[in-house]
Amino acid sequence: MTSKFGFTKMDINEFETWISNLRVARTIIHIQEHHTWSPSYINFKGNNHFDLQQGMKSYHVSHNGWMDIGQHFTTFPDGTILTGRSLESTPACILGFNMNAICIENLGDFDTGKDLMTVEHKNTIVRITAALCKKFGVAVNSDNVVYHHWFNLTTGVRNNGTGNNKTCPGTNFFGGNKVENCNQNFCHW
Ligand SMILES: [Zn+2]
């Protein structure tokens, strides 16, 4: 584990131990999956995790006017994880659906034809989600593990991607960004 700019970098094994020992007062019901879109794989140089995370924080604070980086965690193409916003704070990731949620930003653009998710990244995304579900007693299903694509961008109402939605976490995220893709390929372990 190493720390810089107030973020801590871990591999997935370190994360599983760290999260199991962490005390969190906030009530967690939902785990959100996102892709960063930009920065994406082309911006990852293998050793610039902290700079990319700090860049996202600067954008969120200076451009969006938020109090902190929006997400709780960022996963990287090499399978490492960086902490972001404190788990005791509500994230800024899905308008109208951040209360009682943990926000995971997966670095990359996982729309069809864009970044091809590495094996290490896939493994970490599954295991970080599983570890968080286990930690907070969240049942693994598409009611609790949610994709940004399923929420109306203006109202925050869940519509499962039927209008006014982002593609996030990507039209090719574990085979697609629809509820059925989640049920078949992601949130079914
Ligand atoms: Zn998103």
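Predicted model: local features only at pLDDT ≥ 70, side-chain atom pairs only at ≥ 80, totals over all residues.
Student: How many of the residues of strand 6 are buried?
Tutor: Strand 6 spans residues 101-106 and is described as mostly covered.

Student: Do strand 3 and strand 6 run parallel or antiparallel, and which residue in strand 6 is the bridge partner of histidine 34?
Tutor: Strand 3, residues 30-35, is joined to strand 6 by 6 bridges, and the two run parallel. Within this pairing, the partner of histidine 34 in strand 6 is glutamate 105.

Student: Which residue in strand 6 is the bridge partner of phenylalanine 73?
Tutor: Strand 4, residues 73-75, is joined to strand 6 by 3 bridges, and these strands also run parallel. The bridge partner of phenylalanine 73 in strand 6 is isoleucine 104.

Student: What is the phi of phenylalanine 5, in the turn between strand 1 and strand 2?
Tutor: Strand 1 (residues 2-4) and strand 2 (residues 7-10) pair in the antiparallel sense over 3 bridges, with serine 3 facing its bridge partner threonine 8 in strand 2. The two strands form a hairpin with 2 residues between them, and phenylalanine 5 in the turn has a positive phi of about 55°.

Student: Which residue in strand 5 is the bridge partner of lysine 9?
Tutor: Strand 2 also pairs with strand 5 (residues 81-83), in the antiparallel sense and over 2 bridges. In strand 5, the bridge partner of lysine 9 is leucine 82.

Student: Why does threonine 154 count as exposed?
Tutor: Threonine 154 lies in the loop between strand 7 (145-147) and helix 4 (179-186), and its C-alpha atom is separated by 7.5 Å from that of leucine 95, 59 residues apart along the chain. Threonine 154 counts as exposed because its C-beta neighbours inside 10 Å number 10.

Student: What is the radius of gyration of the protein?
Tutor: The protein has 4 helices and 7 strands. The globule rule gives 16 Å for 189 residues, and the protein comes close to this, so it is as compact as a globular protein of that length, with a radius of gyration of 15 Å.

Conventions:
Residues numbered from 1 in each chain as written. Rg over C-alpha atoms; globule rule 2.2 N^0.38 Å. Buried ≥ 20, exposed ≤ 12 C-beta atoms within 10 Å, placed from the backbone. Pairing = 2+ DSSP bridges.
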